[in-house]
Amino acid sequence: MDHATIDPTQFIHIRMVLSMVVSLSIARLLSGLAKFVQHPGRLRIYGVHLLWALYMLVTLIHFWWWEFALSRVGPWHFEQFVFVVGYSAVLYLLCAILFPDDIAEYGGYRDYFLSRRRWFFGILAASLLLDVADSWLKGPAYLQGLGAEYGVKTAASVVLCGIAALVANQRFQWALVLVALAVQQWWILRLYNVLG
């Protein structure tokens, strides 16, 4: 086989692996949210936590759509495959942090989330940097086509994640998740005002 040609079946194989990880991530979020319905009095809900779960759900859907641009990458090398699978695994890890198997030692999701905020925001910042590398993987023209807004959005988000990891202030946590959701929606609408 000529390794310099693009084999379209490679992308199908990569897409299947990505779909498994994304599916597990979404299932983790939905299972976590279902616990609030299954046991309404047992778990104390925290709005900031729920909004980050919504953020991650939209992120996963966007990631799945965003990765279609990988169909133009080729030929694929094992290192690229490991990178893309690793990136999707980091997104799964964020979902697992949001909804762990058990929070019995905490007074509710507020206590749990605030105690794990360094992990959550540290990994979220890493995922944003992985997104830059993922965009670069799609080609310099693709990365450049995202515009200066992409770099500003990413840099500001990484800095805010660093602050959020250190600051437990409720007003800051609420403001950050609301800004993150607004920026996420703006970015998606900017990129995909027409699906097609």
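Predicted model: local features only at pLDDT ≥ 70, side-chain atom pairs only at ≥ 80, totals over all residues.
Visitor: How many helices does the protein chain have, and how many strands?
Guide: Walk along from the N terminus and the elements read α-α-α-α-α-α-α-α. That gives eight helices and zero strands.

Visitor: What does the radius of gyration say about how compact the protein chain is?
Guide: The C-alpha atoms fill a box of roughly 60 × 35 × 30 Å along the principal axes. For 196 residues the globule rule gives 16 Å, and the chain's own radius of gyration is close to that, so the chain is as compact as a globular protein of that length, at 18 Å.

Visitor: Why is the pair of F83 and Y87 called tilted?
Guide: There are 20 aromatic pairs in the structure. For F83 and Y87, the ring centres are 6.4 Å apart. An angle between 30 and 60 degrees is neither stacked nor edge-to-face, so this pair is tilted, with its planes at 35°.

Visitor: Where do F83 and Y87 sit relative to each other in their helix?
Guide: Both belong to helix α3, which covers residues 78–98. Because they are four residues apart there, the separation is about one helical turn.

Visitor: What kind of pair do the rings of Y109 and Y112 make?
Guide: Their ring centres lie 6.3 Å apart. The planes meet at 85°, and over 60 degrees counts as edge-to-face. So the pair of Y109 and Y112 is edge-to-face.

Visitor: Which helix holds Y109 and Y112, and are they buried or exposed?
Guide: The two are three residues apart, about one turn, in helix α4 (residues 109–115). Y109 has 2% relative accessibility, and Y112 has 7%. With the cut-off at under 20%, Y109 is buried and Y112 is buried.

Visitor: Which ring does the charged end of R15 sit over, and which one does K153 have?
Guide: R15 puts its charged end 3.7 Å from the ring centre of W64. For K153 the distance to the ring centre is 5.2 Å, and the ring is that of W187.

Visitor: How far apart are the closest N and O atoms of D134 and K138?
Guide: The whole structure has five salt bridges, and D134 with K138 is one of them. D134 is buried at 0% relative accessibility, and K138 is buried at 10%. Their closest N and O atoms are 2.7 Å apart.

Visitor: Which parts of the chain does the salt bridge of R190 and E149 tie together?
Guide: The closest N and O atoms of R190 and E149 are 3.3 Å apart. R190 is partly exposed at 30%, and E149 is partly exposed at 35%. R190 lies in helix α8 (residues 170–191) and E149 in helix α7, so the pair ties together parts that are 41 residues apart in sequence.

Visitor: Why does the salt bridge of D111 and R110 make the 4 Å cut-off?
Guide: D111 is partly exposed at 37%, and R110 is partly exposed at 39%. A salt bridge needs the nitrogen within 4 Å of the carboxyl oxygen, and here the closest N and O atoms are apart by 3.9 Å.

Visitor: Which residues make the nonpolar surface patch of about 230 Å²?
Guide: One member, I163, is found in helix α7 (residues 148–166). I163 counts as partly exposed at 36% relative accessibility, and patch residues need over 30%. The patch is made by V159, L160 and I163.

Notes:
Residues numbered from 1 in each chain as written. Heavy atoms only, no water. Patch = residues over 30% accessible without salt bridge, like charges linked within 9 Å, V, L, I, M, F, W, Y side chains within 5 Å. Areas by Shrake-Rupley, 256 points an atom, 1.4 Å probe, with all protein chains shown as cover. Salt bridge = Lys/Arg side-chain N within 4 Å of Asp/Glu carboxyl O. Buried < 20%, exposed > 50% of the residue type's maximum accessible area, 1.4 Å probe, protein only. Phe/Tyr/Trp six-rings, centres within 6.5 Å; stacked < 30°, edge-to-face > 60°. Lys NZ or Arg CZ within 6 Å of the ring centre and 35° of its normal. Rg over C-alpha atoms; globule rule 2.2 N^0.38 Å.
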